[in-house]
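Thanks for coming, everyone. Let me put the structure up, and then we'll walk through it.

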Amino acid sequence: MIAFEMPKPIADRREILKQAAEGMMRPASRYFDEHEHEIPWDYINVMWQAIQVTGQNYRPGPVAGSGDASHSDRPRLTQQMLIHTVEMLSWGDAGIYLCTPGSGLGGAAIEAVGTPGQTEKFLKRFAGDKPTWACMAMTEPHAGSDTAAIRTRAVRQGDGWTIDGTKIFVTGGHKSLIDSNGFVVVWATIDPTAGRAGMRPFVVEAGTPGMTVTKLEKKMGIRASDTAMIVFENCRVPADNLLGSADVATEQKGFKGAMATFDATRPIVAASALGIARATLEFVKETLAAQGVVTPYGVPRNKLTAVQRDVLEMEAAINAAWLLTLKATWLIDQKRPNTLEASMCKIKAGEVVTKVTQKGVELLGPLGYSRKLLVEKWMRDAKINDLFEGTGQINRLIVARRILGYSSKELK
Amino acid sequence: MYSFEPTEEQQMLVEAVRRFAAKEVRDAGRDADESGTLPQTVIDKGWELGILQSSIPEEYGGFGARSAVTGVLAAEELAYGDLAAAMAILAPGLFALPILIGGSEAQRKTLLPKACAGGHFPATAALIEPKYDFDSAALTVTARDDGDSYVLDGEKCYVPLAADVEHLLVYASLDGKTQGFVVGNGTPGMAVGEREKNMGLRGLPTYEINFSQCPVACADRLGGAAGHDFAPIVNASRVALGAMAVGLSRAAYDYALNYAKEREAFGEPIARRQSIAFMLAEMATEIEAVRLAVWQAAWLLDHGRDATREAYLAKIAADDLALMCADRAVQILGGHGYIRDHPVEMWLRNARGFPMFEGMAMV
């Protein structure tokens with residue numbers, strides 16, 4: 001039965017998060033934008049407390065992971081809850097939201113392809129007292145979307161692996177490896193002649209000799225979030241830190257597992273994008289309303305002013321993009337495939353937030369462009385959502401291959 | 001709770017409508033665009049699907065209950081076949097559904113059983129007016145209360161099937177408020193004009209109607225003496241048209257996708273070029289997103305909530321979607337898209353009208 005009623009647990013959660021966003025994030029937005037690489041510890045500590053209380057992080061025991069898996073008679077809301085959370089936090093501040101402690105992308109990779117023993121070993125640190133992060137390292141200076149072209153090598157030596165290479169654009173790399181006892185899941189090839197089949201994820205824990213965070217990028221937006229370069233030089237990890245099998249010939253699960261995590265992470269990025277978009281839309285509408293400019297629902301578009309029309313079209317686009325994102329996560333909670341919808345919502349939300357925030361700056365004129373207000377910041381923050389977790393173009397490629405029934409060779 | 005899954009019953013209806021629409025309605029619609037006439041057999045078959053009848057409760061002669069969600073699912077499928085045919089098949093709902101939504105008990109009891117009793121019920125509604133800034137909330141056709149009756153004056157246009165119907169619901173401004181009036185065809189003071197000639201919808205006969213001192217009994221005001229709220233009616237219309245725009249978009253998308261996989265250029269199917277493939281990916285994405293916006297608005301209507309915002313936002317998104325998909329379908333077919341051997345040029349002509357089709361469909 002088609003239904004659009006926000007479940008009460010989600011509505012309740014959003015109410016609390018809205019207060020946090022208004023009281024804690026918005027007042028800090030400008031400061032952390034202007035003081036890149038400072039860390040919003042107040043937010044982080046509050047969130048860590050909240051996460052421990054609500055049990056969203058890893059808990060040892062039979063019900064690993066998050067949410068409501070133990071209430072199997074009720075419809076699962078885990079991913080739907082998550083995107084509502086992310087949307088509201090990003091409405092507060094998308095850069096600060098990205099500093100939220102937790103197992104993040106690194107944890108997702110372990111949950112997707114790790115053994116129960118590995119999950120226990122690497123994720124139990126997220127039940128501790130101190131805020132902890134984990135991250136994922138895929139991109140290299142010469143290889144972004146073309147992930148199969150990575151050059152970081154992992155070589156079997158004795159009872160472990162030795163990793164050499166350079167990773168860039170690691171979101172939260174500094175927090176995972178320097179500011180906490182976290183880890184990075186680093187992608188390396190165990191056989192450079194094997195292409196994708198040779199790619200494997202390795203867990204490298206904070207403090208491992210041979211791993212150095214060498215640089216923090218200076219970015220257009222999301223400046224509160226650290227984006228690290230990590231260099232691996234003769235970095236040795238135990239054999240058990242390999243996620244998946246060491247056999248190149250038979251084992252494809254590793255790479256596919258990484259790709260499968262995108263099915264969960266792309267809607268999260270879409271939700272973050274749409275939180276920024278909503279913040280912008282609301283601010284534009286409030287500013288216009290204060291000048292007596294209203295945007296009524298129902299007037300034919302050829303009777304509207306250009307400004308009214310822009311605002312209503314922004315609102316329509318945000319609404320449609322949100323529903324698509326919601327469907328992509330509802331499918332996960334229903335344990336159904338969502339690769340197509342995950343890429344679709346990422347395309348749509350990435351495009352919507354880019355347009356909405358750029359239009360928002362334009363509509364507000366000198367107010368939009370000024371750093372006294374946050375609209376210009378939202379525009380800078382927004383753009384990342386059309387870039388990371390697969391650019392808009394990579395996601396179009398994924399959707400196009402699926403709808404056309406083409407392989408990656410047939411549609412390049 | 002959120003859910004994006006129609007009930008089994010709804011899925012069965014969708015499949016039944018799709019089986020009928022994808023071939024029979026599609027072919028008839030294409031021919032009618034040339035000839036101007038939809039075969040009565042197609043309209044009758046469409047009527048026999050029982051889309052309207054199952055929206056009317058038993059106490060009023062139907063066999064179901066109105067569900068805007070079910071309505072939009074069916075409307076999308078019919079419009080996937082052909083927009084003109086979809087509008088013709090569903091035209092009786094333009095009259096019957098507002099009576100169900102806003103009519104008095106007496107109006108429901110007398111008029112709805114007639115609508116459900118037999119074949120395609122000869123009824124329609126007149127909302128649109130021939131002016132560039134037409135606005136259903138600010139009509140120029142007026143209703144004047146002269147004590148014994150209401151008197152209608154002014155000009156309507158785009159009234160589907162007006163020459164052949166017995167009953168019309170005519171919307172007019174009564175003291176600045178949009179109100180419906182039940183008018184029998186041929187009432188003195190009412191003159192149905194020549195059939196209109198339009199860019200698209202050429203299979204759907206539409207007419208101008210002139211009202212000059214046209215009297216309507218007080219009891220025939222929709223909702224009786226107290227009148228009715230226009231908002232749920234116009235919202236239901238926007239939702240229905242949104243669904244039809246999605247249906248048309250999907251037709252254009254499917255057609256272009258299949259063509260692009262067949263058509264070869266430079267030694268391979270053109271779909272293997274990103275410039276074509278990405279257009280298709282964007283069409284698929286937008287169709288999915290806008291469909292959900294339409295569903296959401298329909299769901300609000302079904303739960304008796306104010307759907308004004310969502311219905312309007314879904315409608316403007318759907319208007320843009322239809323134009324974008326139809327235009328791209330023509331573009332993907334290249335010169336062939338411009339030739340009337342293919343239906344895509346017709347879909348582009350039809351799609352352009354959505355922003356002004358207010359009140360031409362109901363769920």
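Start with the largest nonpolar core, which has 223 residues. By nonpolar core I mean a set of buried Ala, Val, Leu, Ile, Met, Phe, Trp, Tyr and Cys residues joined through side-chain atoms within 4.5 Å. Buried is under 20% relative accessible area, exposed is over 50%, and partly exposed is in between, with a 1.4 Å probe and protein chains only. The residues with the most contacts inside this core are A:Leu404, B:Leu152, B:Met244 and B:Leu280. Helix α8 (residues 274–302) of chain B gives the most to it, with 20 residues. Helices (H or I, at least four residues) and strands (E, at least two) are DSSP runs, numbered from the N terminus.

A word on ground rules. This is a predicted model: local features need pLDDT of at least 70, side-chain atom pairs count only at pLDDT 80 or more, and totals for chains, interfaces and linings use all residues. Residues are numbered from 1 along each chain as its sequence is written, chains are lettered from A and ligands numbered from 1 in the order in which they are written, and side-chain values use heavy atoms, without hydrogens and water.

Now chain A. A:Arg200 sits in strand β6 (residues 199–205). Is A:Arg200 buried or exposed? It counts as buried, because its relative accessibility is 1%.

Next, chain B. An automatic or database assignment sets the domain bounds: domain 1 (8–116), domain 2 (123–226) and domain 3 (231–356). The centres of domain 1 and domain 3 of chain B, taken over C-alpha atoms, are 21 Å apart. Six salt bridges cross the interface of these two domains. A salt bridge needs a side-chain nitrogen of Lys or Arg within 4 Å of a carboxyl oxygen of Asp or Glu. B:Arg30 and B:Glu345 form a salt bridge, with the closest N and O atoms 3.1 Å apart.
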